[in-house]
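Here is a short report on a hairpin and some salt bridges. Look over the sequence and the model, then read on.

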Amino acid sequence: MAGRINDDDVKVVRDAVPIDTVVSEYLQLRPAGGGNLKGLCPFHDEKSPSFQVSPSKGLFHCFGCQEGGDTIAFVMKIDHLSFSETVERLAGKAGITLRYEEGGYNPTHQRGERIRLVEAHKAAAGFYVEQLAGEEAAIGRKFLAERGFDQAAAEHFGIGYSPVGWDHLTRFLRGKGFTDKELLLAGLSQDGRRGPIDRFRGRLMWPIRDISGEVVGFGARKLRDDDNGPKYLNTPDTAIYKKSQVLYGVDLAKKDIAKASRAVVVEGYTDVMACHLAGITTAIATCGTAFGTDHIKILRRLLMDNGSARVIFTFDGDAAGQKAALRAFEDDQKFAAETYIAIAPDGMDPCELRLSKGDAAVQDLVEPRTPLFEFAIRQIVARYDLETPAGRASALDEAGPIVARIKNGASQHEVAVQLAGILGILDTQFVVKRVAQMARWARDRGGRGPAGPASDRGGRGGPPSAYDSGRPPAASGPALNLRSPAHRTERELLKLALQRPELVSPAFDAYGVDEFTAPPYAAVRRAVEDAGGAEQGIESAPEYLARVREAAPNDAVRALVTELAVEVFHGKSIDEAYAGEQLVRVRLRAVDLRIHDVTGSLARLGTGADAERHQAVQNELWVLQQYRQSLRNSGAAAL
């Protein structure tokens, strides 16, 4: 074993590599005051930056998870290295030669495993680059040229070529002092009948670098028809390479991603090249796997989740590309950034688009147009016949849970309104409330999503469809929140309609079911309507309540009707003034929600909208605003 690194050398390394320079390779840092810098902690998930770096002290500390230390401690933690491996890596970057207390200078074969694997990849990358200039690699150079990549582009991205023979790289690396065990652990060689042979043979080679710029793997593209392997062959998972935790091109793109608060996610190595050469220097790609949670963590640290951050996904227009987009949407809510999708009208990827139409076409492609949620919803809705009520109901049942996953309440409401428009359901508030119910249902199920065990709805899971009986969701849904002012007021109004109908009639009977935001209360309101209205209760209370109970769609709603019919009121004086106050509160809330919807519609129309349509929406907004003011000024007299 190698000896201990000289203490003085450790200090020299620590002082020679500024901590902010090292940390900035992994996440975006911004001024935090007092000379400190802040960013999103790479060691735990957080929305607001609690990770701080003090360049003057050479220290970092996270006030969220309590991780802290110096430059060496940071690299050890984030790259899972030993102390010696970390010092050796930092020393290599700073050009410092280390001394060891026992045995003098550290022999190459005694270095840490990770350092050795990285060095093997670095040597392999240099070998492949040299091979690309040879006669055998003409087929590789032709492949690049046909896609618009010249020698300068190949050099910029470090593209190389692996010879067709069995063990050219293996013999080369052995000559550099690497053992067969190290080459197998690195994934550069694989076991053959007579010993290790090259993993990659006769292919164009893309070096895959981690965020700090170290080569940790390769992507290899098939060039010959007699190659029976896959089109792309990637390095297998090793001690230094996990395909779910690396993004191709991130080492080149990280600074511009942080600066522009924007990232473009493409599907392949050539697409990254095309984007960068076209001036889209924030492009990155996954390496033979779907975009997932670990990739999101990398981007979040670079984007720092500020409000203007954008992530644009480009996918092929074919079925596989659409499927990839829907997979990406599954993780959409893990971003604080806005997510968009870009698909060329003719289905070309960025590489094909650049070759066919030039750099400007690539730049135009990645300008955000379609929000990812909208694309995902439209892909789902397209499978249904929206000309029929059943088709619209089924589409809502499948698309609604997607909207319900949106955590921000205002955004969820906005998207639900858009979903109503996409489906062609005129009762926007119905869709908004249906989505809100699905979201509450998911929360009540512990965040496992709206889907539940298969029910009697043809084997589909989740809560019963609101369209199944033509009624709003019944009281078997999520628990009521009696601390909600809206729910308390709705409950009082229903109690009045059941116990003292003379105080709220005939105004109550003009209230729509959608004015009751709690699904169980909406179900009771529908039952009162089906029983002939609250006005029927003025003459004969017992018969009226019996009809309401009979009109209830199930036992849960029936039990709630009974509960409301006997529960005491919260007001001190139950009179016309009290009843009018409850009527006005419920109506005001409904009007406010409608004004919010119409205001959103007006904003979406924009200046280029049809003038007649624009005027109609403006008129509706004006009428609603006047009615709201009248309710506030005149109370029940304005009903």
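Does Arg174 count as buried, exposed or partly exposed? Arg174 counts as partly exposed, at 36% relative accessibility. Buried means under 20% relative accessible area, exposed over 50%, and partly exposed in between (1.4 Å probe, protein chains only).

This is a predicted model, where local features need pLDDT of at least 70, side-chain atom pairs count only at pLDDT 80 or more, and totals for chains, interfaces and linings use all residues. Residues are numbered from 1 along each chain as its sequence is written, and side-chain values use heavy atoms, with hydrogens and water left out.

**Salt bridges**

The whole structure holds 25 salt bridges. Each is a side-chain nitrogen of Lys or Arg within 4 Å of a carboxyl oxygen of Asp or Glu. Among them are these:

| Pair | N to O distance |
|---|---|
| Arg174 and Asp180 | 2.8 Å |
| Arg203 and Asp227 | 3.1 Å |
| Arg378 and Glu374 | 3.2 Å |

Asp180 is partly exposed, at 30%. Arg203 and Asp227 are both buried. Arg378 and Glu374 both lie in helix α16 (residues 372–381), four residues apart. Helices (H or I, at least four residues) and strands (E, at least two) are DSSP runs, numbered from the N terminus. Arg378 is partly exposed, at 43%, whereas Glu374 is buried, at 19%.

**The hairpin**

Strands β7 (residues 189–192) and β8 (residues 195–198) run antiparallel, joined by four bridges. Two strands pair if DSSP finds at least two bridges between them. β7 and β8 form a hairpin with two residues between them. Asp191 stands opposite Pro196 in β8.
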